[in-house]
Amino acid sequence: MQPVELPDKIHVGPVIDEGHSLASVSDKIGGIVLKRRITLGWVFGLLISFAVLQNLMAGAAWLFIKGIGVWGVNIPNGWGFAIVNFVWWIGIGHAGTLISAILLLLNQSWRNAINRFAEAMTLFAVMCAGMFPVLHTGRPWLAYWLFPYPNTMDLWPQMRSPLLWDVFAVSTYLTISAVFWFVGLLPDLATLRDSAKQRWKQVVFGALAMGWRGSARHWQRYEKASLLLAGLATPLVVSVHTVVSFDFAVSIVPGWHTTIFPPYFVAGAIYSGFAMVLTLMIPVRQFYGLQDIITIRHLNNMAKVTLATAMIVAYGYSMEAFFGYFSADTYEKFMIWNRMTGPYAPFYWILILCNILTPQLLWFKKNRTSPFRLFCLSIVVNIGMWLERFVIVITSLHRDFLPSSWGMYYPTIWDWAVFTGTLGMFMTCIFLFIRVLPMITIFELRMLLPGARVKEPVAQ
Amino acid sequence: MSEQKTWRSLDELSSTDGFKEYLHREFPRLAGEWVDDEGRRNFLKIMGASLALAGVTACTKQPVEFTMPYVEAPEKLVAGKPLFYATAFPISGVANPILVETHEFRPTKIEGNPEHPASMGAANVPTQASILGLYDPDRLQTVNYLGEIRSYASFMSSFVGMLAKQRAKDGAGIRILTETVTSPTLFAQIQEVLMLYPGAKWHQWEPTGHGRRMGAQMAFGQFLNPVYHFDQADVVLSIDANFTGEGPGTVRYARDFASKRNVRDGVMEQCRFYAVESSPTSTGCKADHRVGMKPSEVAAFVRGLASAVGGSGGGGSKFFQSVLKDLQSAKGKSIVIAGEDQSPEIHALVHYINQALDNNGKTVTFTASLESKPVDQWADLQSLVLGLKSNEVDLLLILGGNPIYSAPRELNLKGAIQMAKMRIRLGQLDDETSEFCQWLIPEAHTYEMWSDAPAYDGTMTLMQPLIAPLYGGKSTHELIAAFTLTPEKSGYESLREYWQTKHTGADYETWWRHSIHDGFIKDSALPAVNATAKMITPQPVGSGGDGYEISFHADPYILDGRYANNTWLQELPRPVTRLTWDNAVVLSEKTAKDLGVTDGDRVEIGVNGASVQGSVFRLPGQPDGSIGLSLGYGRTRSGRAGNGAGFNVYPLRTVANPWTAVGAKVKKLGETYKLAAVQNHFAMEGREPVKSGTLEEYKKDPAFAQKESETAPKGLTIFPQEWKYEGYAWGMAIDLSSCNGCNACVVACQAENNIPVVGKEQVLNTREMHWIRIDRYYKGDVGDAESYFQPVACHHCEDAPCELVCPVAATNHDQEGLNTMVYNRCVGTRYCSNNCPYKVRRFNFLLYNDWDTESLKLQRNPDVTVRSRGVMEKCTYCVQRINYAKISAEKEDRKVLDGEIVPACAATCPAQAIAFGDLNDPKSKVSQWKREKTNYSLLGELNTRPRTTYLADIRNPNPDLGGQG
Amino acid sequence: MPQIFKPSANAHARTSIILAVVVLGALGGALFELIADSNYATRQGDAREQPIPFSHAHHVASMGIDCRYCHTSVDNSDYAVVPPTKTCMNCHSQIWINSSTLEPVRESYRTNESIKWTKVHDLPDYVYFNHSIHVKKGVGCETCHGRVDKMPLMYQNASLQMRWCLDCHRNPEKYVRPREFITKMGYEPAEPQEVIGKRLVREYHIQKLETCWTCHR
Amino acid sequence: MSGHIIEYAHPLYGLMAEFDTPGELVAAARTTREAGFRQFDAYTPYPIHELDEAMHLYDNRVSLATLLGGLFGCAGGFGLCSWISAVALPLNIGGRPLISVPMFIPITFECTILIGGLTAAISMILMNGLPLPYHPVFNVARFAAASKSKFFLCIESADPMFDTRETAGFLGSLNPTEIAEVAR
């Protein structure tokens with residue numbers, strides 16, 4: 001599709017810097033995979049991430065040996081870190097598909113530079129998220145009971161449970177994202193196949209490219225399929241975090257049982273997703289010298305989306321508080337009051353600071369266009385969004401209906417081990433990804449080049 | 001299970017030919033005993049074969065299992081069917097009559113003895129938990145001499161030698177120290193010994209119960225046993241008396257008292273209950289007016305009352321005046337009762353007050369003492385110590401008790417005892433006292449021996465063994481017999497012979513068998529005696545000057561420390577403090593503030609030249625400037641459970657005044673020590689989980705508990721259609737006016753449903769496993785807050801929030817409306833618990849059940865799965881009992897009768913506060929209760945439509961004192 | 001030259017994909033079969049090693065001894081119980097007194113040590129099965145335990161899977177028989193089962209108990 | 001092999017012309033079609049929509065397949081929920097009716113997306129005849145550029161109008177930068 005040319009003054013720079021030709025982008029991006037030597041920095045980063053990944057291994061092992069009791073969960077607080085992390089990761093996993101699907105439908109040319117990376121990030125984030133529902137069960141080895149399959153007990157899952165909706169939503173999301181991602185990769189794999197010098201690389205990429213040869217007839221169906229996938233993925237993205245929010249909204253726990261959850265969870269997801277994309281994109285663009293492809297304009301746009309979603313989330317918070325007051329329901333009122341003044345109040349106020357106040361800096365172009373400031377800000381937002389989930393899960397549970405059963409929640413080192421472990425896993429995957437696959441969609445970039453315009457010669 | 005109460009006596013069994021042959025062949029050595037170790041092991045085998053140790057396993061392939069049938073089945077034993085035997089569990093010599101449920105001869109569960117006036121089917125906390133004591137893995141398992149394992153035979157041989165020496169000097173060197181002896185058989189045996197050895201001396205001592213004993217002596221000049229009739233009292237004044245929780249007759253008292261408290265079945269009246277307490281008790285929490293007073297003030301109050309009812313004197317506080325007025329307006333229909341922890345003087349005064357109020361002989365009757373030989377035990381102990389110090393003791397026999405731990409420091413019993421040349425100890429544990437004895441003989445548990453003991457009213461109650469001594473333990477009877485000319489005489493023979501001498505009338509055999517079968521001797525209650533209490537002239541109150549006043553109380557569950565090693569009791573939350581695994585320095589809010597301490601802060605209490613360290617627990621209702629300390633903790637050799645739990649306050653007690661101490665100094669230590677309470681928030685936060693009202697309010701508007709605002713809005717559902725339950729529809733109702741928070745239901749449930757003990761660390765992390773809990777709430781300001789109890793277990797909601805969110809349908813509804821929880825389907829997402837507004841679901845965060853200790857496996861109920869790690873569990877309304885009854889009924893082609901199914905909690909409830917039955921049967925007890933106007937659903941506004949509902953707590957405050965409090 | 005693969009590669013590519021799908025599917029099925037559904041997993045048809053090669057065929061078919069002579073509590077308790085040694089001795093103190101195969105029985109009787117039988121029909125520990133009510137409701141021994149009169153060595157007749165239990169709990173009329181034929185082996189319904197079954201379900205008030213707590217608690 | 005024609009190198013797959021700009025390719029494609037050729041294809045490093053119109057490419061079967069897949073998923077999802085809750089395991093869950101429609105929506109929706117999405121991708125790949133690692137066009141040395149920067153047009157020998165010489169001439173008239181024979 002053609003990039004919609006808007007007058008440059010409302011842009012901060014172009015989508016892709018001048019001086020790039022069809023060939024040069026291929027070489028530049030493909031080169032990172034094919035030619036570039038493995039740098040010390042990359043190895044170092046990979047090793048660090050891999051080391052942190054071991055926390056997960058140790059944490060999970062101990063968990064399986066001793067039982068869920070090694071975590072801080074207890075009776076009023078049946079859920080703890082595991083669910084907090086699950087929601088957080090799933091949220092992060094929303095950026096990718098959102099960028100590639102929704103922005104594709106919205107015909108936003110600037111997405112092309114970042115969608116591939118964001119999609120990869122989505123996959124990894126969802127993988128991290130997917131582990132928690134399994135790990136947090138009392139008998140993880142029976143988690144497969146959540147899938148409807150014929151068995152010798154004649155038993156089936158309980159289709160009314162939000163947790164089961166989760167199983168369907170998350171697995172669908174993972175599958176569709178993966179498919180979408182692979183379809184997007186096809187032409188680029190062909191490019192790599194054709195530019196690779198070593199035989200084995202040719203074979204590997206060749207096999208993956210499935211013999212893609214850029215035929216016009218193929219392109220025509222390809223474009224259709226991508227459009228359809230985008231069309232399907234868009235409601236999917238929205239549905240996934242809606243369903244995740246149902247895990248809470250469907251219950252009767254004060255602070256969970258609220259109608260605002262779906263929209264404000266989705267907004268929160270996009271919010272944290274974009275924050276994470278910024279967190280990763282800014283350093284990568286630095287190290288691999290991609291400033292000319294991932295331009296300031298991209299950062300600026302992402303910053304704007306972040307700001308917008310921040311405002312939606314802010315609205316969500318205020319609505320929660322308002323409902324609490326307006327419902328005139330003892331339990332709701334108390335829940336909000338306890339959230340703001342109770343034992344976990346500090347977390348609440350920190351999250352307000354991280355998710356609502358700090359992002360206001362994005363009103364200023366200066367901040368939107370400074371990679372460094374954006375980077376710091378994105379970190380703050382990531383922390384804030386994690387805290388939001390913590391506050392939702394814990395402050396609602398720890399003091400519910402009967403004062404007699406109120407209690408506190410304190411995470412243990414094993415909670416932390418598993419959480420940090422997934423961070424390690426995530427980073428490990430990212431490091432491997434940027435080395436073995438083109439982190440930017442080459443063929444779509446080409447379409448942004450001035451040379452790609454079709455100007456038919458008049459005289460025949 | 002009432003239908004199957006077909007328990008039979010083992011004696012009956014042993015008389016049948018088949019069984020004789022069985023004994024003869026299988027157990028040639030001990031003809032008298034009905035089974036020995038060999039036999040027991042056989043029972044273990046069949047037990048191992050039965051599905052008792054059911055676990056939730058995840059493996060698909062069933063492991064190969066074996067079955068070991070009897071070589072010859074004992075008659076009447078049907079594998080898989082429980083047998084019930086009548087016996088009793090004596091506490092401080094007073095029998096608690098019970099039935100013991102046995103599976104293949106494994107005692108597994110205690111039920112009250114419904115025929116017995118002292119129980120009427122109910123049992124109190126220590127009795128319920130006693131079954132665990134039987135299987136305590138820390139029990140002394142062998143005869144032991146100076147740390148070496150010996151055989152009982154070798155003991156006997158050396159013992160004979162000692163006796164030979166003693167016979168020469170008429171046994172002048174023999175001293176026998178026992179706890180309070182009430183068993184007539186034992187007394188007869190002791191008499192026999194004293195006859196043989198005129199020089200021998202017998203001493204009795206127990207750290208508690210002194211006030212009651214000597215009080216009567218003071219007032220009447222003779223040892224009498226007061227029996228209270230709460231079902232006839234319109235006004236009750238308790239002086240520090242926890243009469244529904246401690247002391248003789250609690251079970252019956254609780255029942256009678258409840259019958260005057262509950263407003264139900266058309267009865268619109270209620271007795272009025274005043275409590276004057278130096279430290280809050282569960283009974284006091286039920287009072288219409290509860291006033292906390294320092295020990296000295298309590299004494300003053302009683303004296304004032306005594307002189308006032310005696311005509312002289314007057315004045316006093318408004319409270320005093322109203323109490324006096326009420327009491328006098330209810331002459332002959334009131335009860336004033338003094339607590340176990342009050343001094344003889346107070347008891348004596350109270351007897352006098354009752355007399356002045358014309359209660360004696362009406363609401364309070366007196367019988368001859370239950371004790372075989374009542375004595376001033378403190379004097380008795382002192383004389384023993386004198387004897388020891390003067391070096392005249394060669395042979396000291398300590399039968400039970402634990403004097404070294406519990407005797408006052410000033411007596412220096414530890415030192416004195418070692419003056420005795422040979423010290424023989426009969427005890428269940430290798431405890432503090434055993435440490436200083438040469439010979440240790442394992443004592444048989446009550447359920448391993450024959451004996452007898454009177455109930456609170458003197459009804460003579462018989463005990464029979466339910467299992468052969470697990471560790472070859474000996475009963476007191478057997479050890480005493482060792483002194484006599486028939487040293488090998490079994491407890492059974494002694495008992496049988498004693499009663500033969502007592503039995504008048506023909507056919508002893510039948511009478512004996514019936515008595516054993518019933519577990520007690522019909523109509524053997526002691527007759528009431530007429531006695532006049534004289535007004536005693538109290539010594540002037542010794543004012544402690546500055547400093548704090550201490551009141552000592554026996555712990556409600558482990559009592560004077562004798563049950564400290566019972567994990568069920570250790571983890572059972574104390575009714576008032578809700579503490580587990582510890583005792584505490586109980587202070588009032590204000591006192592704590594003055595001292596600058598709060599919960600968990602360690603302090604040092606110094607008084608009477610001794611000092612102990614403990615951590616603080618603030619308790620509303622504790623009088624300012626006073627400290628409440630409970631005995632029984634800080635054991636050092638009680639076993640794995642008791643050791644290191646809490647701190648020992650015995651060193652602070654004096655012979656002169658063991659009940660209170662004045663002028664105590666408290667020092668803040670700056671350290672903290674976490675106390676594990678199962679409930680940390682006591683205010684209702686304006687939510688009214690417990691609905692309560694005064695009798696007046698109730699008469700004005702009986703339905704006050706069913707306010708519009710708190711019932712679910714109609715038609716606000718997307719699923720208007722309701723499920724119909726044909727057949728049975730099980731439901732439960734709990735009368736909050738009756739419940740006195742004694743926790744018997746909790747421990748009964750624990751025994752019935754194989755509920756594990758989790759330990760203090762887990763309790764601190766709010767992971768306790770009790771399926772039923774008794775919430776305790778306060779109303780009003782901290783100063784004089786009213787307390788309320790509310791037993792909460794799974795409510796079996798018809799629109800259960802938990803079921804909706806389970807992804808694998810591990811919890812769902814059955815055709816009778818039970819909220820089923822299927823352990824072997826549960827994957828453990830814990831969502832159901834999150835979504836349960838009552839928070840009654842319990843989760844096995846770790847492997848809590850003990851899968852290794854053999855002796856504990858013996859206790860398990862084979863009809864209930866033993867849950868493994870990672871699964872959710874909760875109250876099942878005792879579904880195993882429901883199924884049992886349903887199957888029995890089906891087999892007889894009839895419907896289950898009302899009252900045929902009684903869940904463990906309802907069965908044991910001394911106050912009869914729980915009704916269970918079929919809601920589809922309008923005549924069932926539970927349906928009738930639910931038709932009461934006071935009936936309400938907890939959190940009904942959530943539209944969970946619970947099957948368990950409550951009858952509001954009605955109180956009867958004195959209008960003069962302005963409403964409640 | 002961009003041509004990396006030989007023409008044959010096309011065929012390879014496609015077949016390999018198809019193969020992968022097929023093989024994975026087959027593997028999954030086989031695994032399920034093996035872990036959950038095979039006779040290996042359920043022990044269906046297994047004859048177990050026993051201390052004494054007790055032959056039901058002999059005792060039931062040839063001797064015509066009724067099941068309840070040995071399995072005494074089958075109609076009044078959860079357990080049908082394996083009989084005590086005494087029961088064997090009732091006869092075998094008279095007959096076959098010298099047979100060596102019966103030595104373990106005599107030994108058990110002498111030494112008073114139980115005979116260690118291997119359970120053949122063995123349910124998981126979290127399943128509570130009550131024999132007496134099934135007998136009362138007209139479920140014949142044969143229905144679950146099979147033709148024991150044709151079993152020289154006792155073997156597990158049914159899979160004992162939950163699915164198998166549910167089949168009868170959902171449609172009892174397919175299996176119930178008149179009480180008088182409870183212990184009959186090779187019972188043939190006098191009239192078609194669907195007729196007699198429906199009638200018995202009515203007569204014996206047989207409920208369709210499918211809820212979990214019927215067996216698990 | 002390089003660009004210039006070798007005699008009698010039959011059997012050919014076709015003749016391939018190479019262009020530098022998309023514009024020229026589109027023009028060439030249009031002319032080719034107007035000239036009556038049908039069995040020909042264009043190869044580009046990125047999708048060029050003008051080609052669809054130039055070559056008359058209007059294949060909507062992918063969309064149709066996706067629609068059907070989606071509908072199937074939708075029916076299947078709801079069917080699964082209802083069958084399990086009402087037929088296979090009819091349990092009383094918290095007093096809710098056996099078929100509680102609102103609670104079946106999420107799963108129904110997810111199944112719709114899942115099946116729909118998968119059909120879209122798979123049908124696209126199948127209709128494109130992939131995987132096809134070997135294809136004659138790859139025999140042209142310069143064709144490697146087709147996935148990078150150059151634009152190709154290939155008239156296949158299967159076309160009835162195909163004749164090596166004339167077609168070569170015709171291609172020449174489109175002034176490509178190169179013309180190559182495509183061996184089978």
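## The model

This is a predicted model, in which local features need pLDDT of at least 70, side-chain atom pairs count only at pLDDT 80 or more, and totals for chains, interfaces and linings use all residues. Residues are numbered from 1 along each chain as its sequence is written, chains are lettered from A in the order in which they are written, and side-chain values use heavy atoms, without hydrogens and water.

## Where chain B meets chain C

In chain B, 55 residues are in contact with 49 residues of chain C (heavy atoms within 4.5 Å). About 4,700 Å² is buried between the two chains. Buried area is the accessible area (1.4 Å probe) that two parts lose on being put together, summed over both. Carbon and sulfur atoms give 54% of the area.

The rule finds two salt bridges across this interface (a side-chain nitrogen of Lys or Arg within 4 Å of a carboxyl oxygen of Asp or Glu). B:Asp893 forms a salt bridge with C:Lys136. Their closest N and O atoms are 3.3 Å apart.

## Two helices in chain C

Helices here are DSSP runs (H or I, at least four residues), numbered from the N terminus. H5(C) spans residues 85-92 and H6(C) spans residues 103-111. They pack at an angle of about 115°, with axes 10 Å apart. Axes are lines fitted to C-alpha atoms over the stretch in contact, and angles run from 0 to 180 degrees between N-to-C directions.

H5(C) brings C:Thr85, C:Lys86, C:Cys88 and C:Met89 to the contact. H6(C) brings C:Val105, C:Arg106, C:Ser108 and C:Tyr109.
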